[in-house]
Structure formats: C-alpha cells, structure tokens
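Subject: Structure for you to look at

Dear colleague,

Here is the structure I promised to pass on, with the sequence alongside. Please have it open while you read the notes that follow.

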Amino acid sequence: MCLILIGYRQRCEHPLVIAANRDEFFKRPTKSLHFWRDHPDIFAGRDEEEHGTWLGVTRSGRMAAVTNWTETEPNNDADLSRGHLVADFLKSRENCSKFVAKIEGPRYRGFNFVAYDGQELIYFSNRTLECRTLKPGIYGLSNTRLGDKWLRVIKGERKLSDQMEHPVLKNLIHTLFDPHGVEFQPAPEKHNAPCFILGERYGTRSTTALIFDRSSVSVREQTYGPMGKRLSFVEDHFAFERH
C-alpha cells in the first residue's frame, strides 16, 4: 500500500472515511476483498504469497492498514511480512494501544501502520518509533512519516477534504484514479510520485474505499491491471457485530 487517505471524526455520522491505493508488482498473487474462510470476521484482500493483507476491516468494526517505508537499504534480516501486522490486528480483540505496544518492530522491514478499534485511531512506524493517537482531522500517509507532505499526500488530502461533506464510495475510488499518470520505478518510492502509478510490471493494483457510520461500514474495491486497466470491483455493506 502506498497511499492512505483518512478522514477521522469530521462528521458525527461518519467517524472514519478511508481511501487507499495499493501499489505492487502485478505478478504477486493476490485475492480481492472477501470474507476470509479461516477468519470469517475479516473482510480484506489477501496476499497469497505471505497470507497477510494491506488493508482490512472486521464485522466488529476494526480497521487496519500498512504502507512500506522508503529506504534504499532495507533490513534484510527482517523475518516477518508487514502484511501480518494488519491481519494480526484484525484477528485480535486488543485495543490499539495494547496491540501496538507488543509489535516487535525490528522483525519487519520499514512500515507505517494505522489501526482503528472503534474508539481510537493510532499511527505507528518502526522507523521513527513514533506512536501517535490521532486527533480528528484529514490525514494522508504514503511511504514516509505521517505529516511529511509528499506530492501525493498533498493532493490526496485536498481531494478527500472536498468529499467529506457527503462521502460516496465510487467518488472516493475515482479520487485516487488517474489514467494519465506516469510510470515510476517500483522502489524506492519517490516523494514526487503521483497518487496513481501506471506500469507494465509494477503499479497501482487496487483502490479501496471505506465509509464508517455508527453501526456499519460500506466498502468498495476497484482492481487494476498493467497500465491502469480497470478489472473487477467488489462492494459490500454490513452492520457491526459487537462482541
């Protein structure tokens, strides 16, 4: 995942609105949004190589997402996939603070992690060791620390802010789609990269939008092929089951 836009507690009827792009190699095997057979409460895409995910939500209203951290010399001794951070939080019943406190940061390559437990939204990075309980606001998170104003973050925050009055799933998806984008090299991620990455081997593979209300969530995912070709989409809405 290379860009996550967050509207947090901007309107009382929508405590959380998310629009996010996942950039990845097209050859990496992936399943689109679905309820996981082995964990039926989880609604998320799935990386079939490491069996984690980049973004997901649960029937109880938990949400988590991760982005890679731009680094020219990654930690090759890291033995855990960053996608397991998201999956493990979605499987857990711990609140955000307790979960983040147990993360063994050195076991992963660089990441930014955001998690929502229905009460609070937390940001954590294993590169800065910053752990922040987020206040209401509009946030954009790419491949560097939260608050760094990369081009895609500046544009994304502005576009999300414009939609917060009446957020609509299809409009949020369209916000992050740019068929006239340019092709970028896959790594390291660039500060001037656009919101949507075009490429034959690597690029934006999906855009996901989530709109929470007090008792339910609406989710839509649009997938793409090489050079931004639109493929399938998945959309669902479900009420929360409080444990």
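A residue is called buried here when its relative accessible area is under 20%. Please keep in mind throughout that this is a predicted model.

With that cut-off, the buried residues of helix 1, which spans residues 83-91, are G83, L85, V86, A87, F89 and L90. An α-helix has 3.6 residues a turn, so residues three or four places apart point the same way. The cover over the buried residues of helix 1 includes strand 4 (42-47), strand 5 (55-58), strand 6 (63-68) and strand 7 (111-116), together with helix 2 (96-101).

Strand 7 also holds N112, which counts as buried because its relative accessibility is 0%. The side chain of N112 makes a polar contact of 2.7 Å with the side chain of Y123, and a polar atom of the N112 side chain lies 3.4 Å from the backbone oxygen of S142. Along the chain, N112 and I122 are 10 residues apart, and their C-alpha atoms are separated by 11 Å.

Turning to the sheet, 6 strands form an open arrangement in the order 10-1-2-11-12-13, with antiparallel pairing. Its edges are strand 10 (137-141) and strand 13 (230-239), each of which pairs on one side only. On average, neighbouring strands of this sheet are turned by 10° against each other, if direction is ignored. Within the sheet, strand 1 (residues 3-11) and strand 2 (residues 14-25) run antiparallel and are joined by 7 bridges, and L5 stands opposite A19 in strand 2.

Strand 11 (residues 202-212) is where S206 is placed, and S206 counts as buried because its relative accessibility is 4%. Apart from neighbours within four places in sequence, S206 is in contact with A20, N21, R22, W54, E221, Q222, T223 and Y224.

As for accessibility, C131 is partly exposed, with a relative accessible area of 46%, whereas C12 is exposed, at 59%.

How values were computed
Residues numbered from 1 in each chain as written. Predicted model: local features only at pLDDT ≥ 70, side-chain atom pairs only at ≥ 80, totals over all residues. Heavy atoms only, no water. Buried < 20%, exposed > 50% of the residue type's maximum accessible area, 1.4 Å probe, protein only. Helix = DSSP H or I, 4+ residues; strand = E, 2+ residues; numbered from the N terminus. Contact = heavy atoms within 4.5 Å. Polar contact = N/O pair within 3.5 Å; in protein donor to acceptor, adjacent residues only side chain to side chain. Pairing = 2+ DSSP bridges. Axes fitted to C-alpha atoms, helices over the stretch in contact; angles between N-to-C directions.
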